[in-house]
Amino acid sequence: MTRVTDEVRQQPTVWVDGRVLDDAEEPVIRVDDHGFTVGDGVFEAVKVVDGVPFALSRHLRRLERSATGLGLPPVDQDAVRRAVADVLERRHLPFGRLRITLTAGPAPMGSGRTSEGSTTLVVAAVAGPQKTGPASVVTVPWPRNERGAIAGLKTTSYAENVVALAYAHERGGEEAVFGNLAGHLCEGTGSNVFYAVDGELRTPTLASGCLAGITRELLVEWCGVREVDEPLEVLESADEIFLASTTRDVQPVARCDDRTWDGPGPLTQAAAETWRRREAEHADP
Ligand SMILES: Cc1ncc(COP(=O)(O)O)c(C=O)c1O
């Protein structure tokens with residue numbers, strides 16, 4: 001009995017195009033949905049604390065930017081907000097995440113879309129804690145293409161991240177870090193990278209091709225971080241490194257390839273402390 005209850009608790013609560021599913025495993029997306037066939041979609045992952053989404057306005061603005069970049073129809077932000085409210089009303093999450101996915105909808109099984117296609121919107125809420133504890137990261141041999149058509153967009157085409165993360169896992173890491181075509185540090189598969197040099201916190205610029213992470217954006221505003229592009233090898237000499245993302249907040253890096261650190265450095269600790277304080281002040285900063 002307990003086992004069943006736990007399983008139910010782990011199941012996402014899922015809203016698809018206006019309907020909350022009775023069973024999250026019910027098949028509802030068409031096999032010719034362009035999000036499924038070619039990764040023609042955009043998404044957001046939003047942290048939920050005590051039933052309240054964190055920084056929802058910034059996430060919706062980024063969803064809009066990603067959709068515009070991909071050439072999808074304009075996002076109806078109010079409709080997405082209503083879907084989010086509907087899901088969170090049905091599923092009280094003390095701690096968890098929302099996944100908002102918008103795809104181009106049904107289309108021919110090739111790269112072209114139909115002009116009259118209607119988008120598919122899915123909002124799923126799932127319980128689960130943040131990633132805690134120090135991270136071990138591995139740099140990967142494949143570059144991000146900062147000049148590509150979808151650079152910096154949060155699209156559902158994440159297969160490159162899947163391959164890179166598997167590479168990191170095989171080497172005992174839990175996150176993979178990319179350089180870009182210019183040889184500069186770029187980002188992780190699901191995180192932005194911050195590092196300290198000469199007492200200064202730094203992170204790659206958006207021109208590096210990294211995602212404009214919401215956590216990154218807030219840390220830059222709150223912590224006086226310098227945005228600068230430097231060779232990937234800067235990680236070999238940085239005094240401190242940390243990852244930033246919705247699922248991590250500020251996560252110290254304890255190992256990067258062959259280098260190890262005993263504990264979080266002072267700038268990482270200060271950033272984590274500022275994050276905790278500012279996050280508690282405002283749910284939609
Ligand atoms: C490629 C990539 N970079 C950075 C991030 C961090 O962004 P955010 O802080 O908005 O979660 C993510 C989040 O999943 C990501 O997928």
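Student: Which residues in H3 meet which residues in H6?

Tutor: Arg58, His59, Arg62 and Arg65 in H3 meet Ile214, Glu217, Leu218 and Glu221 in H6, where contact means heavy atoms within 4.5 Å. Before going further, note that this is a predicted model, in which local features need pLDDT of at least 70 and side-chain atom pairs count only at pLDDT 80 or more, while totals for chains, interfaces and linings use all residues. Residues are numbered from 1 along each chain as its sequence is written, and side-chain values use heavy atoms, with hydrogens and water left out.

Student: And how does that contact of H3 with H6 divide into nonpolar, polar and charged?

Tutor: The contact of H3 with H6 has two nonpolar residues, one polar and five charged; here Ala, Val, Leu, Ile, Met, Phe, Trp, Tyr, Cys and Pro count as nonpolar, Asp, Glu, Lys and Arg as charged, and the others, Gly among them, as polar.

Student: At what angle do the axes of H3 and H6 cross?

Tutor: They cross at roughly 120 degrees, and the axes come within 10 Å; the axes are lines fitted to C-alpha atoms, for helices over the stretch in contact, and angles run from 0 to 180 degrees between N-to-C directions. H3 and H6 are therefore oblique to each other, since angles under 35 degrees count as roughly parallel, over 145 as roughly antiparallel, 65 to 115 as roughly perpendicular and the rest as oblique.

Student: Is the crossing of H3 and H6 left-handed or right-handed?

Tutor: The crossing of H3 and H6 is right-handed, which is the label used if the near helix is turned clockwise from the far one by less than a right angle, anticlockwise being left-handed.

Student: What about H6 and H7, at what angle do they pack?

Tutor: Helix H6 (residues 214-223) and helix H7 (residues 266-281) pack at an angle of about 100 degrees, with their axes 10 Å apart, and H6 and H7 are therefore roughly perpendicular to each other. On the H6 side the contact involves Thr215, Leu218, Leu219, Trp222 and Cys223, which meet Ala271, Thr274, Trp275, Arg278 and Glu279 in H7. By class, that contact of H6 with H7 has six nonpolar, two polar and two charged residues.

Student: Switching to strands, in what order do the six in the open sheet come?

Tutor: The order is E2-E1-E6-E5-E3-E4, with antiparallel pairing; two strands pair if DSSP finds at least two bridges between them. At the edges are strand E2 (19-20) and strand E4 (52-53), each of which pairs on one side only.

Student: How many bridges join E3 and E5?

Tutor: Strand E3 (residues 41-49) and E5 pair over nine bridges in the antiparallel sense, and valine 49 stands opposite phenylalanine 95 in E5. Strand E5 (residues 95-103) also pairs with strand E6 (residues 120-127), antiparallel over eight bridges. Glycine 96 has alanine 127 in E6 as its bridge partner, and isoleucine 100 has valine 123 in E6.

Student: Last one, how many helices and strands are there in the protein chain?

Tutor: The protein chain has seven helices and 15 strands, where helices (H or I, at least four residues) and strands (E, at least two) are DSSP runs numbered from the N terminus. Its C-alpha atoms fill a box of roughly 55 × 45 × 35 Å, taken along the principal axes.
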